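Dear colleague,

Please read them with the coordinates open beside you.

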Amino acid sequence: MMDPEVTKTARESLDLAFHMSNILDTGIDRHTLSVLIALCDLGLNPEALAAVVKELQRERLFSTAAPNVSSSTP
């Protein structure tokens with residue numbers, strides 16, 4: 001079981017990071033931010049993660065902006 005003080009500190013840190021994320025208008029939800037922080041804590045390169053997030057956001061924007069083309073034949 002985790003120490004309540006450690007849990008409180010982690011929650012406050014996530015709250016602060018999420019607030020900064022909102023100020024910067026990143027579009028990253030709280031859960032995704034939590035996962036990204038955990039990946040950084042595990043040693044993944046934050047710059048590489050940021051590049052992946054940007055690419056995924058770009059793909060999502062492209063897929064929602066692209067017209068829905070049907071491949072069915074008459």
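Confidence and salt bridges

This is a predicted model, and the mean pLDDT of the protein chain is 89, with 89% of its residues at 70 or more. Among the elements of the chain, helix H2 (residues 30-41) has the highest mean pLDDT, at 96, while helix H3 (residues 46-65) has the lowest, at 91.

A search of the whole structure finds 3 salt bridges, which I take in turn.

In helix H1 (residues 4-23), Lys-8 and Glu-12 lie 4 residues apart, about one turn of the helix, and they form a salt bridge in which the closest N and O atoms are 3.9 Å apart. Lys-8 counts as partly exposed because its relative accessibility is 40%, and Glu-12, at 44%, is likewise partly exposed.

A salt bridge also joins the side chains of Arg-30 and Asp-15, with an N to O distance of 1.8 Å. This pair links distant parts of the chain, since Arg-30 belongs to helix H2 and Asp-15 to helix H1, 15 residues apart. Arg-30 is partly exposed at 33% relative accessibility, and Asp-15 is partly exposed with a relative accessible area of 33%.

Finally, Arg-58 and Glu-55 meet through their side chains in a salt bridge of 2.8 Å, N to O; both residues lie in helix H3, 3 residues apart, about one turn of the helix. Glu-55 counts as partly exposed, at 33% relative accessibility.

With best regards

Conventions:
Residues are numbered from 1 along each chain as its sequence is written. This is a predicted model: local features need pLDDT of at least 70, side-chain atom pairs count only at pLDDT 80 or more; totals for chains, interfaces and linings use all residues. Side-chain values use heavy atoms; hydrogens and water are left out. pLDDT is the predictor's confidence in each residue, from 0 to 100. Helices (H or I, at least four residues) and strands (E, at least two) are DSSP runs, numbered from the N terminus. A salt bridge is a side-chain nitrogen of Lys or Arg within 4 Å of a carboxyl oxygen of Asp or Glu. Buried means under 20% relative accessible area, exposed over 50%, partly exposed in between (1.4 Å probe, protein chains only).
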